[in-house]
Amino acid sequence: MVIQQGVQQIGVLVDKVPEIRDVRPMNMLRLRRSRQKGPTRFVTGILKLAGRMGSLVEVPALLSYVGGTK
């Protein structure tokens with residue numbers, strides 16, 4: 001999959017997608033931006049999905065990190 005934000009783009013390799021789900025706000029825990037430093041700053045939340053955990057990734061922050069602009 002290729003994700004593009006403005007002129008930047010990144011390729012993401014996904015080897016398996018077991019399911020696609022809708023996520024409700026009550027299943028999401030937002031992380032505080034002030035505590036995030038380094039590569040973790042593009043992870044903006046934690047998801048609770050049927051006894052499992054996942055992460056919420058902010059694509060513009062990820063692309064600026066990969067592109068070295070921030």
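Visitor: How much space lies in the largest pocket?

Guide: The model is a predicted one. Its largest pocket has a lining of 20 residues. The space in this pocket comes to about 630 Å³.

Visitor: Which element gives the most to the lining of the largest pocket?

Guide: Two or more lining residues come from each of strand S4 (43-49), strand S5 (52-57) and H1. By type, the lining divides into 14 nonpolar, two polar and four charged residues. With six residues, the element that gives the most is S5.

Visitor: Is Tyr65 buried, partly exposed or exposed?

Guide: Tyr65 is placed in helix H1. Its C-alpha lies 7.9 Å from that of Phe42, although 23 residues separate Tyr65 and Phe42 in sequence. Buried requires under 20% relative accessible area and exposed over 50%. Tyr65 has 35% relative accessibility, so its class is partly exposed.

Visitor: In the hairpin of S1 and S2, which residue takes a positive phi?

Guide: Strands S1 (residues 2-5) and S2 (residues 8-11) run antiparallel and are joined by four bridges. Gln5 stands opposite Gln8 in S2. Two residues lie between the strands of this hairpin, and the residue with a positive phi, near 65°, is Gly6.

Terms used: Residues are numbered from 1 along each chain as its sequence is written. This is a predicted model: local features need pLDDT of at least 70, side-chain atom pairs count only at pLDDT 80 or more; totals for chains, interfaces and linings use all residues. Side-chain values use heavy atoms; hydrogens and water are left out. Two strands pair if DSSP finds at least two bridges between them. Buried means under 20% relative accessible area, exposed over 50%, partly exposed in between (1.4 Å probe, protein chains only). On a 1 Å grid over the protein atoms alone, a cavity is a set of points where a 1.4 Å probe fits but cannot get out, and a pocket is an open set with protein on both sides within 12 Å along at least five of seven lines; lining residues have an atom within 4 Å of a point. Grid points are joined across faces, edges and corners, and a volume is the space filled by probe spheres set on the points. Ala, Val, Leu, Ile, Met, Phe, Trp, Tyr, Cys and Pro count as nonpolar, Asp, Glu, Lys and Arg as charged, and the others, Gly among them, as polar.
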